[in-house]
Structure formats: C-alpha cells, structure tokens
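Visitor: I would like to go through some of the labels used for this model and hear what each one rests on.
Guide: Here it is; ask as we go.

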Amino acid sequence: MSPFALEIKDLHASIEGRPILKGIDLAVPRGEVHVIMGPNGSGKSTLAYTLMGHPRCAVTGGEVLLDGEDLLALKVHERARKGLFLAYQYPVEVPGVSMAHFLWNAYQSVQNGDGSPEPQKKDPKAVVAFRKRLNASLDSLNLGQEFSMRHLNVGASGGEKKRLEVAQMHALAPKVAIMDEIDSGLDIDSTRVVAENIAAMKAPGFSALIITHYPRILEYIKPDRVHVMAAGRVLCSRGMELARELEARGYDWILKEYNAS
Ligand code: ADP
Ligand code: MG
C-alpha cells in the first residue's frame, strides 16, 4: 500500500495550448493535511482542476497517483468514486436541483464506486441517516437546515456558498479533499466555523490539500506541510511557520530566494 494518499510527479498541464503547470512535485501522505500558498496566477486553481480532471486542463506530462493508483487515466466521476473531492474557489449555482437531492445522488454514486453492491436507493433508513448527517453538518456550519431543500447554491451569499462546499465534503466523506480558497470571502466567525469543521475531519483515512492566502484557518487546522507555488512550480515545502512568515513578509523574498521572480 502506498504511504501517500496523493502523489504528484512532474505534472505538466496546459490551458488552451498555454503551459500553466510546469513540473509539479508534491506528495501528501495518508492522513496529512497540506497547504498550497502562492501569488495570484501561480496555477493553484489549475492544479486543483487538473487533479479533478477538468476538460480545459490538458495534461502534457507527469503522473498523479491517488492511493497508489493512476489518477489521470480516470474520468471525472471515477475520480470522485475513488474518493477525490474538490471544493471550488467559485462554487456554481445549480438551479432546479435541491442540495439534498444532489448530494444524495452523489453520495449513492460514490458509495457504489468501489464494486460494492447496488446501494439501497429506496431504503428509507439509509435516506433518514443521510438526512440526519446532512442536517448535523449544516448545523455545525451555522447554516439553516432549509439549505438542504434550496436549489444548490442558488441565491446563497459568497460566504454561504463556501460553507455549503464544506457541507458537501462532509456528505461525501472523501479520502482526499482539495479545497480551493475555501476561506476567501468568509467573515471572521464563518472562517472559524469552516476551520473548525475542517480540523474535525482530520483522520487517518482523510487527507487534504488546502489552497489559501491566509494563515488564519491554518491556526485551527495545524497543517502538516505548507507548499509555495509560483509560475507553475512548487518552490518549496516547509512547516506552518512558513505561512506566518509569508503573511508577515509577502512573497517577494521567497521568489527571489528560489530565483522565481
Ligand atoms: P491561481 O489559482 O494560482 O491564482 P490559476 O490556476 O487560476 O492561478 O491561473 C494560472 C494561470 O492560468 C493564469 O495566468 C491564468 O490567467 C491562466 N488561466 C487560468 N484559467 C484560464 C482559462 N480558462 N483560460 C486561459 N487562461 C487561464
Ligand atoms: Mg485560484
């Protein structure tokens, strides 16, 4: 068994023919939570999308292993079934589909992904248990339970959308979660709530890659490693103190240190 939940080796990817990721090397051991920081336009979101299999991101080289398995060979839904989850920087509104309905279907699909028998789609007990879990998650995120009946993300504020992404993550219980700027646009209380919820998910079977600009959520989450990305590469990987230093000093010094400016 691979000691890594996620292993990215020399990953290259382009958008519309323009190289964006230029040899990413990064490995997240099982059960660890890692952070990616870096100036705007470094390719952080492109990395997240490429891992999830967005058709716009064309992989031009390298390898990605999820639990030791070739991730890049899988379609998007297969990646989700293997336990990969992406919380979007800009969550999309999905009119016409209630959150509960969407998540129940996604949950069934993910649950059924590892060769287990057909899920009990009509099993009222499973539905009730799922509902309870979803309501508890919404409670813990300070979101009203009515959100589960509302159309997914429709009319939600920016901060609510970010918290709804965490609720989705709770519902789907991924093995590897990528969170793209999950704390952007959150007020102080929501930031704490989101951070506490993410921290509470820490477990041997859960690994995460958190993209952020702010060390505030990291004070709660206590990540195992902080990686800095610039111009499509990982410049360096250090401990939590690096996030604090970047907040205090900005990026210029580290870009210079690694000849990336
Ligand atoms: P970050 O998330 O680190 O701010 P992104 O991954 O969003 O960076 O962007 C990296 C680079 O890729 C930027 O130069 C951006 O302009 C470019 N890029 C991202 N998305 C697209 C797109 N859809 N079409 C063209 N260029 C894009
Ligand atoms: Mg981004």
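**Labels and their cut-offs**

Guide: Glu93 has a relative accessibility of 39% and counts as partly exposed. This is a predicted model, in which local features need pLDDT of at least 70 and side-chain atom pairs count only at pLDDT 80 or more, while totals for chains, interfaces and linings use all residues. Residues are numbered from 1 along each chain as its sequence is written, chains are lettered from A and ligands numbered from 1 in the order in which they are written, and side-chain values use heavy atoms, with hydrogens and water left out.

Visitor: Why is Glu93 called partly exposed?
Guide: Buried means under 20% relative accessible area, exposed means over 50%, and partly exposed is in between (1.4 Å probe, protein chains only). Glu93 is at 39%, so the label is partly exposed.

Visitor: What makes Lys161 count as buried?
Guide: Its relative accessibility is 15%, and buried means under 20%, so Lys161 qualifies.

Visitor: Why is the contact between Lys161 and Glu93 called a salt bridge?
Guide: The term requires a side-chain nitrogen of Lys or Arg within 4 Å of a carboxyl oxygen of Asp or Glu. For Lys161 and Glu93 the N to O distance is 3.0 Å, so the pair meets the cut-off. Lys161 lies in helix α5 (residues 158–172) and Glu93 in the loop between β6 (84–87) and β7 (94–98), 68 residues apart. Helices (H or I, at least four residues) and strands (E, at least two) are DSSP runs, numbered from the N terminus.

Visitor: How do you know that Lys9 and Glu63 form a salt bridge?
Guide: Their side chains are 3.8 Å apart, N to O. The pair ties together parts 54 residues apart in sequence, because Lys9 lies in strand β1 (residues 4–15) and Glu63 in strand β4 (residues 57–66). Lys9, at 32%, is partly exposed, and so is Glu63, at 35%.

Visitor: What distance lies behind the salt bridge of Asp67 with Arg30?
Guide: The closest N and O atoms are 2.7 Å apart. Asp67 has a relative accessible area of 29% and Arg30 has 28%; both residues are partly exposed. Salt bridges that share partners join Arg30, Asp67 and Lys175 into one network.
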